[in-house]
Structures are given as C-alpha cells and as structure tokens.
Amino acid sequence: MNTDPIADYLTRIRNAIKANHRIVEIPASNLKKNITKVLFDKGYILNYKFEENGPQGVIKIALKYHPITKIPAIRELKRISKPGLRQYRHANNLPRVINGLGIAIMSTSKGVMTDKEARQEHIGGEVLCYVI
C-alpha cells in the first residue's frame, strides 16, 4: 500500500528522467491523470496515454528532452503538500516558482490547475508540487 501516491508519481518521473528513459508507466488515478494533463498543456512532457489495464489502469508518459543537448524539459519536481502536513494557500497568497519560470500545480475547487490559472480565477487551494 502506498501512503502518498502523488509522491510516488513524481518519484517515478524523476527516476525515469535520471535514467534517460523515453517512456514511464505509472498506476493511474483521477488526480494523477489531471496532473499529467497539466504537465502536457504546459509543455513539460511530450505526450501521454491512459490505458485501462486491470482495475486501476496505467498512465504512459513520453518524457520530453531537448533534441540536441538531451537535457530534460523537467529539471526538478518537488512535492510540497504531504499527507502529514497539507499546504493550502489563499488566493491572495499563491506561490510563485522562480518568479514565474516554473509552475506550482494546485488542487482547487475548480480542478487541478497551475498557480497562474488559480491567480486568474482568484481561487486558492492545496499546493501539490513545484515543477521547474
């Protein structure tokens, strides 16, 4: 049993990037699917595919690398809100990651979105992770 599935999701992506893998497979959940969609929309991953294998399903993520230098698009993934200490932010106090160069993925009442989208919607929520 995994106590923190989002940390497991981020760790699998981090490990695949360090090993220079092109594709990583992760057990699916609705929250992980939404985080994957945000990463794709913001250009951090090349592509993704949801497969319904067994009761849970699998997310296949194609990681994005620079074609010449082979540097990954994702430099750092950092878990912020943890099961033991949840991190919530009000709409007036949303985080900025490296002055807007990175993104903070948030879970809000209107779904999973970035800090910039939450700032535009003027809603707060739980800060799940930082992506740089």
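**Note on aromatic pairs and nonpolar cores**

1. The structure holds two aromatic pairs. Rings of Phe, Tyr and Trp (its six-membered ring) are paired if their centres lie within 6.5 Å, and planes under 30 degrees apart count as stacked, over 60 as edge-to-face and the rest as tilted. The second pair, Tyr-48 with Phe-50, is tilted, at 5.1 Å centre to centre and 45° between the planes.

2. This is a predicted model, in which local features need pLDDT of at least 70 and side-chain atom pairs count only at pLDDT 80 or more, while totals for chains, interfaces and linings use all residues. Residues are numbered from 1 along each chain as its sequence is written, and side-chain values use heavy atoms, with hydrogens and water left out.

3. Phe-40, Tyr-48 and Phe-50 form one aromatic cluster. Phe-40 has 31% relative accessibility and therefore counts as partly exposed; Tyr-48, at 23%, is also partly exposed, and so is Phe-50, at 27%. Here buried means under 20% relative accessible area, exposed over 50%, and partly exposed in between (1.4 Å probe, protein chains only).

4. Lys-33 lies over the face of Phe-50, at 5.3 Å from the ring centre. The criterion is NZ of Lys or CZ of Arg within 6 Å of the ring centre and within 35 degrees of the ring normal.

5. The largest nonpolar core has 26 residues, of which Ile-13, Leu-39, Ile-61, Leu-63, Ile-105 and Val-131 touch the most other members. Such a core is a set of buried Ala, Val, Leu, Ile, Met, Phe, Trp, Tyr and Cys residues joined through side-chain atoms within 4.5 Å. Two or more residues come from each of α1 (5-18), β1 (23-27), α2 (30-41), β3 (58-63), β6 (103-108) and β8 (125-131). The largest contribution, six residues, is that of α1. Helices (H or I, at least four residues) and strands (E, at least two) are DSSP runs, numbered from the N terminus.

6. Apart from this core lies another, of nine residues, including Leu-94, Ala-104, Met-113 and Ala-118.

7. His-21 is located in the loop between α1 and β1 and is partly exposed, with a relative accessible area of 43%. Neighbours within four places in sequence aside, His-21 is in contact (heavy atoms within 4.5 Å) with Ala-16, Leu-63 and Tyr-65. The C-alpha atoms of His-21 and Asp-8 are separated by 17 Å, the two residues being 13 apart along the chain.
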